[in-house]
Amino acid sequence: MFAAVMPSYDLINRIASLGGDRRWRRKAAKACLEEKPQRLLDIGCGTGDLTITLARMAEEGVEITGLDYSLPMLGRARQKASQLGLGERIRFVHGEATQLPFPDGHLDCVSISFAFRNLTYQNPLRLPHLAEVNRVLRPGGRYVIVESSQPENRVIRALFHLYMHAVARTVGSLISGKRSAYRYLAESMSSFYSPKEVREMLITAGFGEVDYQPLLFGAVGVHVATK
């Protein structure tokens with residue numbers, strides 16, 4: 001599915017989020033870099049937007065890796081990083097989220113932007129995914145997640161769901177020509193877990209502390225889980 005939508009993926013993200021996705025990724029990057037990590041992994045990096053943001057904001061010498069299962073997405077990420085002069089700062093890796101190519105406790109921070117939903121929502125591999133992230137983080141390391149969420153206010157929540165189905169899904173389908181892909185994306189975003197449910201999921205997976213910052217009236221949020 002992600003291979004199929006790759007050519008129009010970035011454009012649709014900009015349009016559907018009204019440009020907000022860039023701001024939200026910068027918020028996540030700031031949370032990643034707050035404690036001056038030396039080794040960072042951006043999992044489910046897709047076309048590399050958060051990975052590139054991290055490379056732009058991080059100090060020289062910080063080891064940054066972007067990992068994704070979709071080879072076309074990774075190819076686009078490498079191309080973007082090279083065009084921006086960041087090709088030497090980022091290592092892009094083809095990999096699977098239940099078998100991360102790092103030893104135990106190797107990483108200071110793992111980030112994920114708008115792919116956490118794909119790893120956890122109605123996914124039978126949800127617990128292995130979370131356990132693997134926990135494994136590769138050092139004690140005190142952070143798992144920073146920027147993802148769609150559920151606004152507490154019922155009116156805002158209803159408007160968010162309406163927008164996802166009536167606008168974002170339609171725009172994505174028309175531009176990409178991939179109706180089933182954007183049906184899944186709209187449905188998974190509007191049905192995704194609440195902040196409380198995400199917190200419980202992360203605590204169950206072994207994280208000791210989880211903070212949450214709502215964005216866009218709670219339709220998006222940044223979760224920071226500490227090992």
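This is a predicted model: local features need pLDDT of at least 70, side-chain atom pairs count only at pLDDT 80 or more; totals for chains, interfaces and linings use all residues.
Which residues are linked with D49 in a network of salt bridges? The members are D21, R25, D49 and K80. A salt bridge here is a side-chain nitrogen of Lys or Arg within 4 Å of a carboxyl oxygen of Asp or Glu, and the structure holds ten of them.

Residues are numbered from 1 along each chain as its sequence is written, and side-chain values use heavy atoms, with hydrogens and water left out.

| Pair | Closest N and O atoms |
|---|---|
| R25 and D49 | 3.8 Å |
| R142 and E34 | 3.0 Å |

Let's take R25 and D49, whose closest N and O atoms are 3.8 Å apart. R25 sits in helix α2 and D49 in helix α3, so the pair ties together parts 24 residues apart in sequence. (Helices are DSSP runs of H or I with at least four residues, strands are runs of E with at least two, and both are numbered from the N terminus.)

How exposed are these residues? Buried means under 20% relative accessible area, exposed over 50%, and partly exposed in between, using a 1.4 Å probe and protein chains only. R25 is buried at 6%, and D49 is buried too at 15%. R142 is buried at 13%, whereas E34 is exposed at 55% and E35 is partly exposed at 47%.
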